[in-house]
Amino acid sequence: MSLMFSLSFLSLSLFACGGSQGGGAEKGPSAYEELSGLSAALQTKLNETMAPINESEAILKEFAELPKTLQLSPSDYKSFIISALQGEMKVPEGAAAEVAGKLTTFGLKFKAFKESIMAAPDRCTELVTQIATTLPKVPLLVTQIETTAKVTKNNPFASSADKAEAAKQSEGAKAMGEETTNKVSEIQKTAQELPGKAQGAVMKFLGALKNVGIDSLDSLTKTSTSMAKETVDGVKSDVKQVVETAKDSAKGAVDAAKDSAKGAADAVKDSAK
């Protein structure tokens, strides 16, 4: 009985010290590390998710004012914006270097904004879901911290420093859990408003495009698809031409070989005579 207890305790001790190192598997973050960084990670994701929504007003204002600032005709500006959203940045023919530079700089920014704002509604919804599933984890992490501390405290192989650190983490676990819950709850309040704001920003973006004569993003996609088809057709034509040339070359080589063989045979026949 004593031997079995000792073996069981030893197994528990080894588990508390990190378990088997077989296979070289990397240890993930501890429950304490995960809990301590949880709210900060969500805040960072919240800031990233809100960024295109927050900057939409300023960039759409610049979008509306740019043709006046650069003295561009409506048709030239529309053509440039279409090319920019397709990643081509085709400035109007004959545009001054300064105008071309400003257009290209804005075009790159506007294309990136288009991609981020169109993805914003889905990203906002994903964030709301992530926060909702994160909140229940907080008390579980607190319990895990406290349980791990007890195991470390009763582990005869653990150092005094490890036991002191475990005790410190256990004592502060509940307070950290409450603080994290409060912070995450505040993040949740802000995040719950984002899907509606994101959808509103998308509608303003599409409205701004319509003001310059671009009725929808579908037309841009169709144009891009047509361009891609033309490229593929061109490649097919080139390949076909190469194949035909190769066939002609091969036929010519075979005919030449036949003629050469026939000539050699005739020469042999003449020699035999």
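Residues are numbered from 1 along each chain as its sequence is written, and side-chain values rest on heavy atoms, with hydrogens and water left out. As the model is predicted, local features require pLDDT of at least 70 and side-chain atom pairs pLDDT 80 or more, whereas totals for chains, interfaces and linings use all residues.

The protein contains eight helices and zero strands, where helices (H or I, at least four residues) and strands (E, at least two) are DSSP runs numbered from the N terminus. The order of elements from the N terminus is accordingly α-α-α-α-α-α-α-α. Of the 273 residues, 26% count as buried; here buried denotes under 20% relative accessible area, exposed over 50%, and partly exposed the range in between, with a 1.4 Å probe and protein chains only. Among contacts (heavy atoms within 4.5 Å) with a separation of 6 or more, 83% involve residues 24 or more positions apart.

Helix α2 takes part in several of the features described here. Helices α2 and α5 (residues 137–153) pack at an angle of about 145°, and their axes lie 9 Å apart. For these values, axes are lines fitted to C-alpha atoms, for helices over the stretch in contact, and angles run from 0 to 180 degrees between N-to-C directions. The crossing of α2 and α5 is left-handed, a term used if the near helix is turned anticlockwise from the far one by less than a right angle, clockwise being right-handed. On the α2 side, the contact comprises A31, Y32, E34, L35 and L38, which meet K137, V138, L141, V142, Q144 and I145 of α5. By residue class, this contact of α2 with α5 consists of eight nonpolar, one polar and two charged residues. In this classification Ala, Val, Leu, Ile, Met, Phe, Trp, Tyr, Cys and Pro are nonpolar, Asp, Glu, Lys and Arg are charged, and the others, Gly among them, are polar.

S39 is also placed in helix α2. This serine is buried, with a relative accessible area of 10%. When residues up to four places away in sequence are not counted, S39 touches T180, K183, V184 and I187.

Seven aromatic pairs are present in the structure. Such a pair is assigned to rings of Phe, Tyr and Trp (its six-membered ring) with centres within 6.5 Å; planes under 30 degrees apart are called stacked, over 60 edge-to-face, and the rest tilted. F63 and Y77 form a tilted pair, with 5.6 Å from centre to centre and 40° between the planes. Because F63 lies in helix α2 and Y77 in helix α3 (residues 74–85), this pair ties together parts that are 14 residues apart in sequence. Both F63 and Y77 are buried. F63 also forms a stacked pair with F110, at 4.7 Å centre to centre and 5° between the planes. Here F110 belongs to helix α4, so the pair with F63 in helix α2 ties together parts 47 residues apart in sequence. Burial applies to both F63 and F110. Ring pairs link F63, Y77, F106, F110, F113 and F205 into a cluster.

Side chains of opposite charge can pair when their charged atoms come close. Eight salt bridges are found in the structure, the criterion being a side-chain nitrogen of Lys or Arg within 4 Å of a carboxyl oxygen of Asp or Glu. One of these joins the side chains of E62 and K109, with an N to O distance of 2.7 Å.

Other salt bridges lie within individual helices. In helix α4, E115 and K111 are four residues apart and thus separated by about one helical turn; their side chains meet at 2.5 Å, N to O. Both are partly exposed, E115 at 43% relative accessibility and K111 at 22%. K189 forms a salt bridge with E186, and the closest N and O atoms are 3.4 Å apart. These residues are three positions apart in helix α6 (residues 160–192), a separation of about one helical turn. K189 is exposed, with a relative accessible area of 51%, whereas E186 is partly exposed at 46%.
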